[in-house]
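Dear colleague,

I am passing on the structure below, followed by my notes on what turned up in it. Please read the notes with the coordinates open.

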Amino acid sequence: MSGKTVLVSGSSGLIGSEVCVYFAREGFKVHGVDNNQRAVFFGPPGDTRWNQHRLEQELPGFVHHEEDVRSRQPIQRLVAELRPSLIVHAAAQPSHDRAAAIPFDDFDTNAVGTLNLLEAARQAVPESPFVLMSTNKVYGDGPNRIPLTELETRWDYADPNFEHGIPETFSIDQSLHSLFGASKVAADVLVQEYGRYFGMPTCCLRGGCLTGPNHSGVELHGFLSYLVKCNLEDITYRVFGYLGKQVRDNIHSYDVARFIHAFAESPRCGEVYNLGGGKANSCSILEAFSLVERFSGKPQRYTYVETNRVGDHICYYSDLRKMRLHYPQWDITVPLDVTIAQIVEAWQRRIAS
Ligand SMILES: NC(=O)c1ccc[n+]([C@@H]2O[C@H](COP(=O)([O-])OP(=O)(O)OC[C@H]3O[C@@H](n4cnc5c(N)ncnc54)[C@H](O)[C@@H]3O)[C@@H](O)[C@H]2O)c1
């Protein structure tokens, strides 16, 4: 890869900041784009300025650009000027539930913002790998049609076809997505199209639960981070339906960055990958309570709300076999208990400061 400059959108968020740190260590010049829109979406608890300042203090040469991915010309100018050798697009309106209240902001950010970056890349650096952080919500609530078994603390797939989890061949069509899922489908298909139609090295990473110590978790997004915050601050966590046995697969942001690196070293055109923790790093909400209690030493306060979130997955874990087949040097390196211990430790520090 020549030039070694990475442009990261959403650089103050969980994934963007991890990608900035990772590629700085790999010797890249790192440019971040973020306008702290998370604080607009979720209010002060969503504020990511602290993480921007952390990057500015800890990464020599890091350049923050206070731009909005919705602003076409500034984004085009920035990409043309920097000519990045890698683009990681992690800026988004990331919440399933929030999208219904802000449909235009959601679509403009997720779909149009992605088109702005893609077209800027095509004009200036069509040879540079382009990675979109997509989501498992592109599958809508389709996974909920898989027959399930109820175990003591979680749901699991009863159909042996899904023993490894949800594969990339799962239909994204004719299911309930939420407006967030729909805007992400638009972005996901655009990124595939710039790969297939224009031959650009693009991929969509359809995330399960992406997590880690640098998330600004809020009730509507960042479930493990928010759950830990509630535990430490004695806030009552609300469980929405499915008996608290709904299953998420959790991947540490470091393992996300490692996969992006593997893809950038050996890119393919218009690919999609389901990127989560897989079955080994999955847990139900009830199981997450026990894990967090083990590291915080405090009981989790929670209340049960009968009605589930609209379109919420009852059981979801990613089939990681395609990622491992295409990039055999990559695998999960951070187990779930280590991730949770890190999140507990990070919140203890942030609450104390
Ligand atoms: N965290 C998860 O569990 C998860 C799961 C699946 C997919 N994803 C996807 O991964 C990506 C990153 O997620 P995250 O958890 O790091 O989110 P995050 O909210 O922590 O980070 C996103 C960052 O983008 C910024 N941003 C939002 N709109 C912007 C705009 N218009 N212009 C510039 N910056 C803007 C925000 O201020 C924030 O700092 C998103 O695309 C999200 O949909 C996340």
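In which helix do E233 and K229 lie, and how many residues apart? Both belong to α7 (residues 223-233), where they are four residues apart, about one turn of the helix; helices (H or I, at least four residues) and strands (E, at least two) are DSSP runs numbered from the N terminus.

The model is predicted, so local features need pLDDT of at least 70 and side-chain atom pairs count only at pLDDT 80 or more, while totals for chains, interfaces and linings use all residues. Residues are numbered from 1 along each chain as its sequence is written, and side-chain values use heavy atoms, with hydrogens and water left out.

E233 and K229 form a salt bridge (a side-chain nitrogen of Lys or Arg within 4 Å of a carboxyl oxygen of Asp or Glu), with their closest N and O atoms 3.9 Å apart; the search of the whole structure finds 20 salt bridges.

Helix α5 (residues 103-124) has a kink of about 30 degrees centred on V112, the bend being the angle between axes fitted to the seven residues ending at a residue and the seven starting there.

Around the ligand there are 32 residues, the closest being D34, R38, D68, K184 and H215, where a residue counts if one of its heavy atoms lies within 4 Å. A polar side-chain atom of H215 lies 2.8 Å from a ligand oxygen atom, whereas L14 and M133 each place a backbone N or O atom by a ligand oxygen atom, at 3.1 Å for L14 and 3.2 Å for M133.

Best regards

Terms used. A polar contact is a pair of N or O atoms within 3.5 Å; within protein, one must be able to donate a hydrogen and the other to accept it, and residues adjacent in sequence count only if both atoms are side-chain atoms.
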